Protein chains: 2
Amino acid sequence: MLAKNEAKFINSLKLKKNRESEGLFIAEGVKIVNDLLHSGIKVRQIYSSRNFQLSIFNYHVDVIRIKENELARISSLNSPNEVLAICEIPTYKLVPAQLTDCLSLALDTIQDPGNLGTMIRIADWFGIENIVCSEDTVEVYNSKVIQATMGSISRVKVHYTNLPGFFESVRSGAPDVPVYGAVLDGKSLYESNLAGKGFILIGNESRGISPELLPFVTDKICIPSYGVQTPDQKTGISTAESLNAAIATSIICSEFRRRSRNHVQ
Amino acid sequence: MLAKNEAKFINSLKLKKNRESEGLFIAEGVKIVNDLLHSGIKVRQIYSSRNFQLSIFNYHVDVIRIKENELARISSLNSPNEVLAICEIPTYKLVPAQLTDCLSLALDTIQDPGNLGTMIRIADWFGIENIVCSEDTVEVYNSKVIQATMGSISRVKVHYTNLPGFFESVRSGAPDVPVYGAVLDGKSLYESNLAGKGFILIGNESRGISPELLPFVTDKICIPSYGVQTPDQKTGISTAESLNAAIATSIICSEFRRRSRNHVQ
């Protein structure tokens, strides 16, 4: 049974300002909620339209049984998926000096929630534990982002900060940490020297990396296009002009990890 | 000025059965329409809310000037983008023997329009000219697919066929053409022998490659996860369980092309 004021409260969390003031976010679906239950993120309450089973490790979480039409009233999904959880927004401390010896993602003004969610899933797959986002990157607790992570939100730490200030701190403490910037006129990813540590910097979907961040890039890299090399005589267009930001991220992360597996820089 | 029956006709093309019976599809946005105008696809009519300029190479296409609210009435986009084109569905002949000496994609029951559109964009980037889809793969002339291709639909040929029958034909003519199947328990992509020809077979988003297609796979490949290798004691979950199908496609295509650039199998 779903009380009216509960439904109202849950629906209020669909707005960023309310998520921020309450320190709460919503996750939906059996897989994502299960992943969250087994992560460092605290699940405060679960609403379920079926008999959702908790394992003995999280028996302290309240599960409220509701009807399917009640779930539909609080869900953000077109097809609600059995379970909805209210979770506490974790607070991760961002310490630049702790990220100088591993590989991290840095995201500059990523706007599309699906892209951010997919990038978190990619980071999880490739063992990248931290993503440092510019303050104007889409908010990670947006339900579209959470759903697109497919549970990876429970394993990857996403930080928001002033990116130029962050890179300034990193550089002052560890001047040799590479920042790989994905740009269209960089050196081929396949021929670049890639270390197993540093930052992969991905720019905005349409404008790329901001001018104020370019000075921090130590290595400009690009994914070579393999399309027909002779431009069309009429238009100059011969191939796709760019790859989607999440697609580019996946290709770059894969190449970094391939090298470190094979012990090749 | 948009006539009432024109608006009705254009809106009717939002349904697959009408696109098929009329042999027409709709594309929207300045970039996509421009790419189509310079491709082999015939653009029959253009509706534009601004002064859309045709180059001398396509002066024979009719451009009808309409108001922004009229464009909104026929557009499938949340934010209509100046121009909408009615295009003829091209008919490509699928000849198995012509695909034995190049690299192609084969898609088994891909359901998400965004995934198919992104895969077409990836194919375009990596110079893959043909995509062979199972008959139950989402229809490529669905507006969500067209928009997600970002114009690459004008350069990549997408075929629909009975995939087992297709692979049967390929194999009978050229028994040594490899079919690389992306599966979770395959050999590491990075350590597999990859030829510059054959088929990269991508399965359905949740079920993977269908049982009836597995016998045609000559090389099972997977993208190694780099997540924490020791599973969580409580759950066994240690990392993302899978990558999105379009993400996996991009990583695989990139690795194929990296090898052929470096002349390494």
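Here is a short chat about a predicted model, starting with a sheet in chain A and moving on to its domains.

Colleague: Which strands stand at the edges of the open sheet in chain A?

Modeller: Start with the order of the four strands, which runs E1-E4-E2-E3 in chain A, with mixed pairing. A strand at an edge has a single partner strand, so one side of it is left without a neighbour in the sheet. In chain A that goes for E1 (24-28) and E3 (62-65).

Colleague: Okay, and which residue in E4(A) does Ile26(A) stand opposite?

Modeller: E1(A) pairs with E4 of chain A, residues 83-88, in the antiparallel sense over five bridges. Look along E4(A) for the residue facing Ile26(A), and you land on Ile86(A).

Colleague: What angle does the direction of helix H3 of chain A make with that of E4(A)?

Modeller: Helix H3 (residues 30-37) of chain A packs on the sheet. There it touches E1, E2 (43-48) and E4 of chain A. Its direction and that of E4(A) make an angle of about 35 degrees.

Colleague: Which elements give two or more residues to the side of domain 1 of chain A that touches domain 2 of chain A?

Modeller: The contact takes 14 residues from domain 1 of chain A and nine residues from domain 2 of chain A. On the domain 1 side, they divide into six nonpolar, two polar and six charged. The elements of chain A giving two or more are helix H2 (16-22), E1 and H3.

Technical notes. Residues are numbered from 1 along each chain as its sequence is written. Chains are lettered from A and ligands numbered from 1 in the order in which they are written. This is a predicted model: local features need pLDDT of at least 70, side-chain atom pairs count only at pLDDT 80 or more; totals for chains, interfaces and linings use all residues. Two strands pair if DSSP finds at least two bridges between them. Two residues are in contact if their C-beta atoms, placed from the backbone, lie within 7 Å. Axes are lines fitted to C-alpha atoms, for helices over the stretch in contact, and angles run from 0 to 180 degrees between N-to-C directions. Ala, Val, Leu, Ile, Met, Phe, Trp, Tyr, Cys and Pro count as nonpolar, Asp, Glu, Lys and Arg as charged, and the others, Gly among them, as polar.
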